[in-house]
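Here is a short tour of one chain, written to be read with the model open beside it. Let us look together at a few residues and where they sit.

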Amino acid sequence: PNAERSFIMIKPDGVQRNLIGKIVGRFEDRGYKIVAMKMVHATTEHLEKHYADLKGKPFFPGLIKYMASGPVCAFVIQGLDAVKTGRAMLGATNPLASAVGTIRGDYCLVTGRNICHGSDAVESAEHEIALWFPEGVIEYEDTEHAWIYE
Ligand code: DAT
Ligand code: MG
């Protein structure tokens, strides 16, 4: 149960605004273990695969252009309830609807520049992790485990 994984990505605006450390730090502070991480300037083709379920939406071309406009920081968090709690830490899709204290609620204002992505279900997390990290993730023992879990 403590090995659930979610795919989190700091979008090009978050990278350009130098928010990588703050965003990754929130997941580390909460108790999640980082088991994969890399900077990627993704291709349009790759991003169209990542957002395949949104193909056909009116905002899709703009979304792909934004996501391809610069490097992203892609990483995988591992820990209890990583997918649902990861989403809760991100906030709502529209930052104006995000609670203060969430990443989007603290760092951005509009849906089209909402600085971060998080998987919305365990199955989509597995799919996204395989898409962005075909080389796999890193398994390791973290010394804090017994201080985070009973
Ligand atoms: P989320 O990123 O919260 O999972 P989503 O998967 O529905 O949201 O959409 C992916 C991204 O697409 C979202 O982060 C921002 C953009 N997007 C979604 N709905 C939009 C809309 N109505 N107008 C503009 N961009 C939108
Ligand atoms: Mg989504």
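Arg104 lies in helix α6, where helices (H or I, at least four residues) and strands (E, at least two) are DSSP runs numbered from the N terminus. Before going further, please note that this is a predicted model, in which local features need pLDDT of at least 70, side-chain atom pairs count only at pLDDT 80 or more, and totals for chains, interfaces and linings use all residues. Residues are numbered from 1 along each chain as its sequence is written, while chains are lettered from A and ligands numbered from 1 in the order in which they are written.

**Arg104 and its surroundings**

Is Arg104 buried or exposed? Arg104 counts as buried because 24 C-beta neighbours lie inside 10 Å. The cut-offs are these: a residue is buried if 20 or more other C-beta atoms lie within 10 Å of its own, exposed if 12 or fewer, and partly exposed in between, with C-beta atoms placed from the backbone. Setting aside residues up to four places away in sequence, Arg104 touches Leu90, Gly91, Ala92, Pro95, Ser98, Asn114, Ile115 and Cys116; contact means that the C-beta atoms, placed from the backbone, lie within 7 Å.

**Two loop residues**

Pro95 belongs to the loop between α5 (82–90) and α6 (103–107), and Asn114 to the loop between α6 and β4 (116–118). Beyond neighbours within four places in sequence, Asn114 is in contact with Thr93, Pro95, Arg104 and Cys108. With neighbours left out in that way, the contacts of Pro95 include Arg104, Cys108 and Asn114. Pro95 and Tyr107 are 12 residues apart in sequence, with 8.5 Å from C-alpha to C-alpha.

**Lys49**

Helix α3 (residues 44–50) holds Lys49. Some 82 residues separate Lys49 from Leu131 along the chain, and their C-alpha atoms are 8.2 Å apart.

| Residue | Other C-beta atoms within 10 Å | Class |
|---|---|---|
| Lys49 | 15 C-beta atoms | partly exposed |
| Pro95 | 22 C-beta atoms | buried |
| Asn114 | 23 C-beta atoms | buried |

Under "binding site", an unreviewed UniProt entry lists Lys11, Phe59, Arg87, Thr93, Arg104 and Asn114. UniProt also lists residues 3–140 as "domain: Nucleoside diphosphate kinase-like" (unreviewed entry). These positions follow the numbering used here, feature names are shortened, and annotations may be inferred rather than shown by experiment. Over residues 3–140 the chain is 41% helix and 17% strand, and the end C-alpha atoms lie 11 Å apart.

Technical notes:
Contact = placed C-beta atoms within 7 Å.
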